[in-house]
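These are my notebook entries on a single model. I set down what I looked up, entry by entry.

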Amino acid sequence: MTKVISIKLIDVISFSKGLVFVRKEALQNESFKVSFFNYDIDTQKIAPVTKSVYLLNKFGSSFSPIAQQLGDYVSCAAGKLPDGNAIVIYPTGEMGVFDPSGELFWTGDLFYRDAPARDVAIENKHIWCTVPDHNCIIRYSTVVNKIVMRIGGDDSGTFGNPVAISAFDNKLFICNQGSRLINTVDLENFSVKTYRRFDEPVH
């Protein structure tokens, strides 16, 4: 692992060549400004980008109406479903679904045992989220609109305060702030393995 930046970030998303991240900088008059950058994995260089680049990579081609309706487009996690709909979810569990034109057509709260779900990873017509308060991840069906699977739990050592989740190569990658691990879940058989260990919390 390589440390690429040491500044405080408020959002990080992937793009074709690496990462796009958001920096929040305090100003003297107690206000703040938000800046957008990309990190190119091939060149290992950081360069500023426009807000539109960040929004396009986060929400897709209908980013403009989505960002306008959200207002706070930084604090949420987002994912694109196979049908073109976009899902956003905030750390409070508030979730919204936007159609391919960027219109909000469903909103609600996603909770598991009274605890909010966080982050989002797409698996066909399912979304996966973490539930840090119950040390688990959940699989939510967008077809039947309910939770259909849970992995981990309060008394399980599978995860340790999981806070972020992503999908790649038919696997889930889960960042655990408590246990300082990144776990993987194989989406063929749902087996859980340790991918990396760290000396500090993994966000």
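Leaving aside its neighbours within four places in sequence, which residues is A26 in contact with? I found S31 and F32 in contact with A26, where contact means heavy atoms within 4.5 Å.

**Basis.** I note that the model is predicted, that local features need pLDDT of at least 70 and side-chain atom pairs pLDDT 80 or more, and that totals for chains, interfaces and linings use all residues. Residues are numbered from 1 along each chain as its sequence is written, and side-chain values use heavy atoms, with hydrogens and water left out.

**A26.** I placed A26 in strand β2 (residues 18-26); strands (E, at least two residues) and helices (H or I, at least four) are DSSP runs, numbered from the N terminus. A26 is classed as exposed because its relative accessible area is 66%. The classes I use are buried for under 20% relative accessible area, exposed for over 50% and partly exposed in between, with a 1.4 Å probe and protein chains only.

**The four-stranded sheet.** I traced an open sheet in the order β5-β6-β7-β8, with antiparallel pairing; two strands pair if DSSP finds at least two bridges between them. Its edge strands, each pairing on one side only, are β5 (77-80) and β8 (104-109). On average, neighbouring strands of this sheet are turned by 15° against each other, direction ignored. Axes are lines fitted to C-alpha atoms, for helices over the stretch in contact, and angles run from 0 to 180 degrees between N-to-C directions. Within the sheet, four bridges join β6 (residues 86-89) to β7 (residues 94-98) in the antiparallel sense, and V88 stands opposite G96 in β7. Helix α2 (residues 63-70) packs on the sheet and touches β6, β7 and β8, its direction making about 150° with that of β7.

I then followed β13 (136-141), which is joined by six bridges to the antiparallel strand β14 (residues 146-152). I138 has R150 in β14 as its bridge partner. The two strands form a hairpin with four residues between them, and N145 in the turn has a positive phi of about 55°.

**Second largest pocket.** A pocket is an open set of points on a 1 Å grid over the protein atoms alone where a 1.4 Å probe fits, with protein on both sides within 12 Å along at least five of seven lines; lining residues have an atom within 4 Å of a point. The space in the second largest pocket is about 200 Å³, a volume being the space filled by probe spheres set on the points, which are joined across faces, edges and corners. The elements giving two or more residues to the lining are β7 and β8.

**Loops.** Most residues other than glycine have a negative phi. I noted N124, with a positive phi near 55°, in the loop between β11 (118-123) and β12 (126-131). N124 counts as exposed because its relative accessibility is 56%. N135, in the loop between β12 and β13, also has a positive phi, near 50°. Not counting residues up to four places away in sequence, H134 touches Y112, R113, A115, G153 and D154.
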